[in-house]
Amino acid sequence: MSLKIEKVAVLGGGVMGSGIAAHIAGCGIPVYLLDIVPRELSEEEKQEGLSLDHPKVRNRFALGGVETALKARPAAFFSKKDSRLIRCGNYEDNIEWLGEADWIIEVVVENLDIKKKVFATVAEHRKKGSLVTSNTSGLFVKDMVEGMPEEMARNFFVTHFFNPVRYMHLLEIVAGEATDREMLAEFAPWSDRVLGKGIVYGKDTPNFVANRIGVYGILGLMHVMEEMGLSVEQVDKIMGPATGRPRSAAFRTLDMVGLDTFIHVADNVYDGAPDDEEREVFKPHPVFYKMQEKGWLGDKTGRVGFYKVVKKDGKKEILSLDLNTMEHTPQQKVRYPCLGKVRDIDDPGERIKTVVFAQDEAGQFAWKVISMGLVYACARIPEIADDIVNIDNAMKWGFAWDLGPFEYWDVLGVKEVADRLSSEGRDVPALAREVLEKGEGSFYVRKSGILHHWDTTSKSYKPGSLPGGTLFLQPLKDTGKVVKKVSSASLIDLDDGVLLLEFHAKLNVLDIDILDLIEQIDSLKPKGYKGLVVGNEGLQAFSAGANLFLLFTAIAQKQWDVLEKMSRQMQDVHMSMLHGPVPVVVAPHDLTLGGGMEVTMHGTAVQAAAETYMGLVEPGVGLIPGGGGCKEMLFHKKALTDRKGPKGPFAFVQQAFEAIATVKIATSAKQAQSWGYLGENDRITMNKDYLIADAKKRVLELAETHEATEPRTISLPGEAGRLALEYGVEQMARRGLVTEYEQFMAGKLAGVLTGGDTHPTEELTEQQVLDLEREVFLSLAGEKKTFERIQHMLMKNKPLRN
């Protein structure tokens, strides 16, 4: 078969259904969103004078789902315009739409009888060959396909998305006995590439992979918590980033998921896995039922769960639940020696090792909880998945762990963990003993740059299979492809005449060493290189901007010549990127702020990850962009207004001013493109795993016709434009919307963006705008308020201090 998915139908307009529809629409695929027909009018509908026959009423649930998705925070859509690709309807009036869908996704209530009724309706109206999947979080495929037509059963399987759909990378695929494996072999890479999802293959077992491991971990820690007498906030502090878990840790995660949902998932395992050796752990703690009786389900019940948000003296306060008294009380400060030690450790493995092997109370708790999870994960192969990679990926992509369970084993040391288990009289899992006796003492090993994992079937190490079309940096580094390396950056040969400039400082902040490497662009063509990719594999940021600590030090020591040199060098290297002899493709992702955005805007082209968050944030520390950001924002906004049609001769100046002065941050690459931060010909990669490969491909395309370009010119409004912008800010100041210093900064910025003392009939060169920008950047750097703002920012973000 040749998979072709051009239209999707989603059945169920609830939180998950609308989230799935929003994500698929964001990937450019039209979606039908269907739900049941209401039997009664809502109060709002009565006030509008609507009848039960009105389309707005009949489609209420689907329309409401889209409305919920549009209001969701974090945003469910990459761009609100994507909602136009969703057509809302209901099962009675629009069921024939199923005949047009290539993929039908069931997302109704977790009730087998209801789901089977839905599938019967689908069977009547779908077209032959269309895919039918369920988003169930734990019902058995074998039960859902019972009585299903044979051809539909061949095209039926589970696609379990995680919430929020846009942000959770995981998509669990679970096939039934009748599922067509050739079809799955096409669907999985399509989902990976087009939907940007990380695929994990689970088996038809209760709660599949991620929820089976994750729910066990949360329920298990309840017992240890009770035994050690710890509080909700103590547990969350220990089981958060300090031990490789997300900031939501355990109890905040439960509040986000919803306690009723969690209890349902736990019951699934207890009822469906009678032979699980840890079955009794899946009995929800009595506290859960008490909370359920009180309606304390978490965020869905007015943010009352394990945490409760209240207002005190006009300020928001977050209380935590005392599990003994069942009262919400002020949180206590949580301090443990081992948590203090890991505060400034970036490497998750080092953090985990430091805490788990610590002797204080936090260390003892972490060891007990994490070791339980490691033993349990070993026992689940091959029950829930065929290999350790699927389990590790499920936990990283579905629960946002830094490492999967078997990666935890490796960073802690398989022998060390096994020895400690033995010393405590606990059984060492057979799988761990196998790795120690027949393997190299770890679950993963790297050979010739390729990561291998322990295969339980062959009892040997098996190379990981990477999706076709991806390009990862570690194998290149391991095989001698690093051309040059400095403390914060490297030049790596991607083959085919393409180099890559990788940032690798904390949050990939920019410094002099990086600028020195970029300066070599002009020498690439004579050396036979076709072009350059600027990219990296940072987990949190492409680049969070300039190195604030270096900037702070220079200001503190009044090294104005150093600051002037830094600003000029940054401007110069950006100009060489933009106009140089070889194409430079920038591949931003995640945080792309301040200087990181300046680098991005000066590429020949951009290949951005869908999840890219862009903005010029310098005003937040009392500055304006000083590396070409002001200049390039003008040109980008002008290109945008030229495309969209006339709005006045200098509308683009107003737009550039608002973007910088109000620190407008685009929360996706699509939004960045719609705001003009990215150009109309820049491209977006849905799955970050493909980003560097896509950027390299773009370099090779551009290299065929690329030639160095001459600097551009631009007309700006001059004094009249500056006065108009300053007047607008003055009105905001009178209403108390901006501070006195923010008004002062805005005036300085207005002077740059309107061209200083230019006249609207004059053409300014790029260099003249850069000179204005640099002059104002340096003048603001000398202001006391700027010094104080940078100091405050450094104290808030301690990782930026080193």
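In this predicted model, the axes of helix α9 (residues 210–228) and helix α16 (residues 361–379) come within 9 Å and cross at roughly 145°, where axes are lines fitted to C-alpha atoms, for helices over the stretch in contact, and angles run from 0 to 180 degrees between N-to-C directions. The crossing of α9 and α16 is right-handed. Contact, meaning heavy atoms within 4.5 Å, involves residues of α9 that include Arg212, Tyr216, Gly220 and Val224, and residues of α16 that include Gln364, Lys368, Met372 and Tyr376. By class, 11 nonpolar, four polar and four charged residues take part in the contact of α9 with α16. Helices and strands are DSSP runs, numbered from the N terminus, with helices (H or I) of at least four residues and strands (E) of at least two.

Residues are numbered from 1 along each chain as its sequence is written. Because the model is predicted, local features need pLDDT of at least 70 and side-chain atom pairs count only at pLDDT 80 or more, while totals for chains, interfaces and linings use all residues.

In helix α15 (residues 348–356), the buried residues are Pro348, Gly349, Arg351, Ile352, Val355 and Val356, buried meaning under 20% relative accessible area with a 1.4 Å probe and protein chains only. These residues lie on the same side of α15, because they cover an arc of only 160° around the axis, the arc being that of the directions from the helix axis to the C-beta atoms. The cover over the buried residues of α15 includes α14 (337–341), α16, α18 (405–412) and α19 (414–423).

Leu510 counts as buried because its relative accessibility is 4%. Apart from neighbours within four places in sequence, Leu510 is in contact with residues including Phe503, Ser543, Asn547, Met570, Gly596 and Val599. Of these, Gly596 is 86 residues from Leu510 along the chain, and the C-alpha atoms of the two are separated by 7.6 Å.

For the chain as a whole, the secondary structure comes to 33 helices and 26 strands. The radius of gyration, taken over C-alpha atoms, is 28 Å, close to the 28 Å that the globule rule gives for 802 residues, so the chain is as compact as a globular protein of that length; the rule is 2.2 Å times the number of residues to the power 0.38. Buried residues make up 54% of the 802 residues in the chain.

Notes. Heavy atoms only, no water. Left-handed = near helix turned anticlockwise from the far one by under 90°. Nonpolar A, V, L, I, M, F, W, Y, C, P; charged D, E, K, R; others polar. Buried < 20%, exposed > 50% of the residue type's maximum accessible area, 1.4 Å probe, protein only.
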